[in-house]
Amino acid sequence: MLPETNPADETAAPLCTIEDLPFGPASLAARNRYNKGMAGILLCLLAVAALLVGCMGSVETPSPPADPPVAPPPLEVVQLAGGFAAPVDLQQPGDNSGRMFVVERGGRIRILRTDGTVVSGAYVDIAAARGVVTDGENGLLGLAFHPNYGQNGCFYVNYTTRRNGRLQTIIAEYRATPPSANTASTTESILMTIDQPDTNHKGGALAFSPNDGFLYIALGDGGGSGDTFMNGQNVRSRLGKILRVSAVCGGGSGRGNAYTVPSSNPFFGQGEPTDEIWALGLRNPWRMSFDRSNGRLWVGDVGQNRFEEIDMDSSNLRGANLGWNVMEGFQCFSPSTGCNMSGLTPPIFAYDRSQGDEAVTGGYVYRGTRIPNFAAAYVFGDFISGRVWSLAQNAQGNWVRTELLSVPRFQLASFGQDTAGEIYVLQLSAGTVSRLRAVGGQ
Ligand SMILES: [Ca+2]
């Protein structure tokens, strides 16, 4: 396991460089070179261990943080099921049915049981019924189950379609009747329709907060490059934002029916769509999740060309301006120097692309029981390199990234979490769902 320094100070010399980690962007011989890299890492770890031992005798033991530092056993992923067509999300309704729901980008949602069996057919297939488009970064991109799904059967999706020649993101409610059914109706109630100016940066995550019960909706800046359409800082656009609404199962369509806006939203009172905004300044939030234990919101925001970032703060990002496109990670983006960072919320962690990483995939805080010494660690990865890390705060309050493992380069599209808190990895081009576990463990 490889501790890394928090790059809050990009000029800080890392304790241990990993320049020989062999994950070049086009590396097809990664495995061979990985073995060489591992030798370097082992040496590096020995040096770190020696340093730690040397230090431990001379410093007072600090009081332990709320969540202890992470020292997990070696981890691996084991394939649970394959054959999915471009899986991009995995969610479960917490109804103790043992069902997980795999979102296929083309417009299907399929049921995968925690024992690895896949229910034949689709839970729901909106590809044709809703004209889901999948060019660029479009598709059926997100799913969330209503907190009372076990009683009302309502769930919510984010997908892109073209209507009257116009590319749009649709946030819609669907329903399973009864909730225990393995199929759901393709009838929808639309919460909101959002015009999209380009085919990239759609975000797509949907999540209900375990604390307030509201639905959070993560949307990218609408695409182009460098925030072509200047949406990140524009509070009159839903793009480049996290929205927060109260979803009304069975209420009809649109604001006031399908959803209402909580008056506790940070910009409430300024009218639609500003009322709906929870946080702004995002570029392409590719995966957002709540820590089921304490309700903290975690966001992975994909960078332009330099920095991938993880966002989280003590106020759950309420009213936070996460910086884009003034900043990328901890650095100025526009203007490239001397930007005004006042009032902006920096990420808690950012990484560059020098190790072959190119696009962050946000994950989940581990709350399972099968992996010892791992609770409270945030697990995330990189879509391109396939590297998977944990992020946890050390006794000094610094965020420390630890490399856990690397999955084959089949596009690490998303993570998922089952009702027991165990974590899964979805690979887009491989069509697989795999479970994270201790090496040789359960
Ligand atoms: Ca940011």
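The model is predicted: local features need pLDDT of at least 70, side-chain atom pairs count only at pLDDT 80 or more, and totals for chains, interfaces and linings use all residues. Residues are numbered from 1 along each chain as its sequence is written. The protein chain holds 2 helices and 28 strands; helices (H or I, at least four residues) and strands (E, at least two) are DSSP runs, numbered from the N terminus.

**Chain totals**

- Of the 442 residues in the protein chain, 47% are buried. A residue counts as buried if 20 or more other C-beta atoms lie within 10 Å of its own, as exposed if 12 or fewer do, and as partly exposed in between, with C-beta atoms placed from the backbone.
- Among contacts in the protein chain with a separation of 6 or more, 57% join residues 24 or more positions apart. Two residues are in contact if their C-beta atoms, placed from the backbone, lie within 7 Å.

**Sheet S3-S4-S5-S6**

- This open sheet has 4 strands in the order S3-S4-S5-S6, with antiparallel pairing. Two strands pair if DSSP finds at least two bridges between them.
- Strand S3 (87-91) and strand S6 (124-125) are the edges; each has a single partner strand, so one side of each is left without a neighbour in the sheet.
- S3 and S4 run antiparallel and are joined by 4 bridges. Gln91 has Phe101 in S4 as its bridge partner.
- Strand S4 (residues 99-104) is joined to strand S5 (residues 108-113) by 5 bridges, again antiparallel. Here Val103 has Ile109 in S5 as its bridge partner.

**Sheet S2-S28-S27-S26**

- An open sheet of 4 strands, paired antiparallel, has the order S2-S28-S27-S26.
- Its edges are strand S2 (75-81) and strand S26 (412-417), each with a single partner strand, so one side of each is left without a neighbour in the sheet.
- On average, neighbouring strands of this sheet are turned by 30° against each other, direction ignored. The axes are lines fitted to C-alpha atoms, for helices over the stretch in contact, and angles run from 0 to 180 degrees between N-to-C directions.
- S26 pairs with strand S27 (residues 423-427) over 5 bridges in the antiparallel sense. Phe415 has Val425 in S27 as its bridge partner.

- All 7 of the 7 residues of strand S24 (residues 387-393) are buried, so the strand is largely enclosed by the rest of the structure.
- In a regular strand the side chains alternate between the two faces of the sheet.
- In S24 both faces are covered: one side has Arg387, Trp389, Leu391 and Gln393, the other has Val388, Ser390 and Ala392, and all are buried.
- Strand S23 (residues 378-382) pairs with S24 in the antiparallel sense over 4 bridges, and Tyr378 has Leu391 in S24 as its bridge partner.
- The hairpin of S23 and S24 has 4 residues between the strands, and Gly386 in the turn has a positive phi of about 80°.
- S24 also pairs with strand S25 (residues 399-406), antiparallel and over 7 bridges. Trp389 has Glu403 in S25 as its bridge partner.
- The hairpin of S24 and S25 has 5 residues between the strands, and Gly397 takes a positive phi near 90°.

**Nonpolar core**

- The largest nonpolar core has 109 residues, of which Leu215, Tyr216, Ile242 and Val379 touch the most other members. Such a core is a set of buried Ala, Val, Leu, Ile, Met, Phe, Trp, Tyr and Cys residues joined through C-beta atoms within 7 Å.
- Leaving out residues up to four places away in sequence, Val379 touches Gly363, Tyr364, Tyr366, Val388, Ser390, Phe415, Ile423 and Leu436.

- Glu276 lies in the loop between strand S14 (259-260) and strand S15 (277-280). With 23 other C-beta atoms within 10 Å, Glu276 is buried.
- Glu276 touches Arg238, Leu243, Arg244, Val245, Val261 and Asn265, residues up to four places away in sequence not counted.
- Between Glu276 and Ile242 the separation is 34 residues in sequence and 8.5 Å in space, C-alpha to C-alpha.
- Cys332 is in strand S20 (residues 331-332) and is partly exposed, with 16 other C-beta atoms within 10 Å.
- Cys332 touches Met327, Thr337, Gly338 and Cys339, again not counting residues up to four places away in sequence.
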